[in-house]
Amino acid sequence: MTSKERMLIAMQNGIPDRVPAAPDFSTMIPERLTGKPTWEIEMNANPPLWKAYIEAVKYFGTDGWFIYGGIDIQTNSKVEYKSRIINQTDERITRETIFITPEGEMTSEMVFYRSDSATATVKPVKNIKEDFYKLKYLYPEITGYETTTLELMRKELGDLGALGVTVTYPGFQIWLGYCNGGIEALSYAYADNPEIIEEWRIMEHNRSIKMMEITIDSKPDFILLGGSGSITLQSPSLFRELALPTIKQMTKMAKDAGIPTMLHSCGKERDLVEMVANETDLNCVNPLEIPPMGDCDLAEIKQSFGDKIALMGNLHTTDLMLRGTVDDVEKAAIKAIEDAGNGGGFILSTGDQCGRDTPDENICKLVEVCEKYGRYN
């Protein structure tokens, strides 16, 4: 089978020719392999991250898990954006962005590093109650779209992997990126101004559903529901209230269109897996991280939910992939296949995002284990 076929069959709880090898190295490792400062990729798109990822797939021989699908959206936005570099050294570049809305200005700052991923150090919303009227302008009506970039991605990826487009859903895990004060500010707003949180949820939901309509029409191989930290950055009960209704609708839409869906949520995930397996039409979930990063036991999750949903995970990215030996990786990879390979529906991967300095030989060993031992029980 091609990597594309292998990934899509496993993602839909089927049995491909072998277990796919799809470690999560979506950012830092492809950037390192370019040999360029990280800011060249993340700030200047030189090259675009998606091209760097395809080169990394070729380099390691993995089954591509492509999540960058580019649909260019047109809106009736009334926001003007102005960006400028406010500080630059040999190791970092700080960029300020001003959001000029009809209700006033907001500012953010992003620091781009030579060898590490960018970090938002100042976020646009400083006070949720006071800034919400400005924030609403960041949710303009979508008036059209075009898929030139997506089609270029589809052509360049070819059969090296499954082509995915990411769509997000409401909740603290997405709103954190807007708010200074992070979880604390959102928690106070939820308690003190629930009407604002509910209005925000509806705005986010409507955008998510519109993006699903557009994405389905664009016909990717699969749709990734992006929700990093969905029950680490908020409680399972908040996830159920804020996110689950949207996920139910989105996965039903995709199922009706014949497009598989996968949900990514790093950190704690056991309760989330139970909800999406029993209450949604989701096809696959990842990365199922083990303690202390997460709370998932791969064998238990396979036994409990493997007949309902495909699984992707879950080798530890630091203790094992970054610091372990090739023998350690081999033993853990074989055990993961034994724990979750019964009956198909398993993709061997890692926890969230292999670190920049993960040894190449450890990633190659993961691929080798799938090629040598990756037969479903």
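Contact means heavy atoms within 4.5 Å. The model is predicted, with local features requiring pLDDT of at least 70 and side-chain atom pairs counting only at pLDDT 80 or more, while totals for chains, interfaces and linings use all residues. Residues are numbered from 1 along each chain as its sequence is written, and side-chain values use heavy atoms, with hydrogens and water left out.

**View 1. Surroundings of tryptophan 65.** Setting aside residues up to four places away in sequence, Trp65 touches Met7, Ala22, Asp24, Tyr53, Ala162, Phe222, Leu224, Met262, His264, Asn286 and Met312.

**View 2. The largest nonpolar core.** A nonpolar core is a set of buried (under 20% relative accessible area, 1.4 Å probe, protein chains only) Ala, Val, Leu, Ile, Met, Phe, Trp, Tyr and Cys residues joined through side-chain atoms within 4.5 Å. This core has 84 residues, of which Trp65, Phe346 and Leu348 touch the most other members. A second, separate core of 22 residues includes Val125, Leu176, Ile197 and Leu238.

**View 3. Contact of α4 with α6.** The axes (lines fitted to C-alpha atoms over the stretch in contact, with angles from 0 to 180 degrees between N-to-C directions) of α4 and α6 (residues 148–157) come within 11 Å and cross at roughly 10°. The two helices are therefore roughly parallel, a term for angles under 35 degrees. Trp50, Lys51 and Ile54 in α4 meet Leu152, Met153, Glu156 and Leu157 in α6.

**View 4. Leucine 176 in its loop.** Leucine 176 lies between α7 (172–175) and α8 (182–192) and counts as buried at 18% relative accessibility. Beyond its neighbours within four places in sequence, leucine 176 contacts Lys123, Gly182, Ile183, Leu186 and Leu233.

Definitions and conventions
Buried < 20%, exposed > 50% of the residue type's maximum accessible area, 1.4 Å probe, protein only. Helix = DSSP H or I, 4+ residues; strand = E, 2+ residues; numbered from the N terminus. Parallel < 35°, antiparallel > 145°, perpendicular 65-115°, else oblique.
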